[in-house]
Every structure is written in C-alpha cells, then in structure tokens.
Amino acid sequence: MNTGTILLVAAAAISLAAASSIPAAGELPHNPLEHDSLNAKHFDGGEHNSQFDHEAFLGADEAKKYDELSPEESKRRLGLIVDRIDEDKDGFITLAELKAWIQYTQRRYIDEDVGRLWRQHNPDNETTISWETYRNSIYGFMDALEKEELEQEEHGISYKSMLKRDRRRWAVADQDLDDKLTREEFTAFLHPEEHPTMRDVVLLETTEDLDKDKDGKISVDEYIGDMYRPSTPNEDEPEWVLSEREAFSKHRDLDQDGYLTEAEIRQWIVPNDFDHAESEAKHLIFEADEDNDEKLTKAEVLDKYDVFVGSQATDFGEALARHDEF
C-alpha cells in the first residue's frame, strides 16, 4: 500500500473513530448545520432533501431504521411521537412544541455521540481527558513516520495538518487552559457548531476547507466547488449550479467584489440572528399544515408522515424503543 493510499485510509479512520475536526477522506467540506449525515444539503439546486427533515425530526443516528418499516408501521410510530410532542395535550402541535422537540433530538444525538467517544478515550471515566492521552490514542502512529510521510498530502490533507487542526480546536475548547478537557469541553471540541465559544474556529475551519488557493477569501468557484465537481473538464454546469452562482453574487457576496471576506463567511456560516431549530420547525409546519392555522393536528402530521419520517426511508430509533417514555 503506497503512502497516498495509507493517508486516505488513516484520514477516514481518524474521522470516524475520533470525530476529529478533519473531514473523512473523499468528503466535501460542509457546514454541519446545513447538511444531513450523507453530506447532502437541505435544499440543493431547487430540490428539497427530505432526509434532512427526517434527521432533524428524529436524529441522524436514529434515522436509518425506518428504511425497513412499512408505511403503516411508520405512521403508528410517528403517532406515538406526536403524542409526546404535544406537551399540553390540547390536540395541537405548536411551533414552540415542535421547536422544543427538534432541540431535544439535537441534544440527544450530541449527548450519545459524546458519551460514546468519552468512554472510548476515557475508559476509567476520569473527570478530564488530557491532550497527551487523546493525541496518543488518535495520532500516536505518527511517531513512527518519516517527515515526508507526515507532510504527504492527499485531497489537501496530511497527517501533519490533521494533528495541527485538532490541536488548535482542542486549545479553543479548553476554557480553563489546563490542556485537559472536561466532558463539557470535550463536547465543544467534537461539536463546535453548537457552542458560541467555538464559532471562530468553525469559521476558520470552513474557510480553510474552501479556500483552495489560500488567499484568505473564497471565490465563487471555490464556493461552487463545495457543492459541485464536474465529471469531465468541459462539462456544462447544470441549471442549479448557475442558480447557486447567482445566489453567491446576490446574497453571499455583500460587497460585490467577487469574493467572500471573513465577515461575509461569518454571516453565511454562523449568522447571529438565525435559529436553526425554529427554522426547521417552521418548515415542517408549512409542509403539513393543511388548514393554514400555523399549528398541526395529529391527522395532519400522519397525512404527511413522509415529511417527518417517511417509510422504507428513515429511522426511528431509541425514542420509541424506550417504552417507558411513552
């Protein structure tokens, strides 16, 4: 196996095993709040990705088990979820109730992911994990590599850059500056998009992923490259790519200079006035609210069940497997 192949395999293994800051080999960089677990955007080229809604409603890890369910079973299980979301038991799901459920789903996924990795890297359940322990667990193999192996790049990443990026993110998450992470700090390290103190590092990592010529800003071609790569050099761009180019010019590039600056990238990636859970809740209500009263009945949800969970297509998971919760 040559060095390049080893690098690809190791990059994927590190990303999967450690949930580090490095995208898995072959993946496009992305904003984790705009894509589903398969790296597909909620809306892409005018096409709606229902899997995004299923994962927001159920959780990414949960959303696979519905692949095996019949429509009847999907509806039955969804009905149990509806009963739980309706906290005041008035027969309606309001925007606030649906938003609270989506936030709960997001927290559950993060808590379970962090718990799994906390146990993996901290089997004795100490109160903190040191950088040395984490580094040895994930990157210890690098000690036996030659300099050229450490710096060999594949898809723009190298062992050296992986380590540097995780080290930087670790330092930002380490709020008390002891070079150890508590579980709360470890959560910020693994899921920086959910922590206000980590916004700058999310911005920096996104810029690094997209800024291929390393000039500190993102051109329209670099922006498009995050979403679309032609299969042949002379391939005509599809209509949706042309629409994305127009969106870049009209809505992203605020000063119309042909590039996204740091301030423009920040407004795109971590806008201060955007609530993702509320936006998703509004979208789901819009999709299912037949009588336009801005709230949902159980019948409306079940009638549009494929908006929320689908059948033979999504996942249900522990929320309903834990019978004592219903």
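This is a predicted model: local features need pLDDT of at least 70, side-chain atom pairs count only at pLDDT 80 or more; totals for chains, interfaces and linings use all residues.
Glutamate 262 counts as exposed, at 52% relative accessibility, where exposed means over 50% relative accessible area, buried under 20% and partly exposed in between, with a 1.4 Å probe and protein chains only. Its side chain meets that of arginine 266 in a salt bridge (3.8 Å, N to O), a term that stands for a side-chain nitrogen of Lys or Arg within 4 Å of a carboxyl oxygen of Asp or Glu. Helices here are DSSP runs of H or I with at least four residues, numbered from the N terminus.

Residues are numbered from 1 along each chain as its sequence is written, and side-chain values use heavy atoms, leaving out hydrogens and water.

Now compare a second pair, glutamate 205 and arginine 165, whose side chains meet in a salt bridge at 3.7 Å, N to O. Glutamate 205 lies in helix 9 (residues 199-210) and arginine 165 in helix 7, so this pair ties together parts that are 40 residues apart in sequence. Glutamate 205 is buried at 5% relative accessibility, and arginine 165 is buried too, with a relative accessible area of 10%.

Across the whole structure, a search finds 21 salt bridges, and those that share partners join Lys99, Asp275, Glu278 and Lys282 into one network.

Key
Helices (H or I, at least four residues) and strands (E, at least two) are DSSP runs, numbered from the N terminus.
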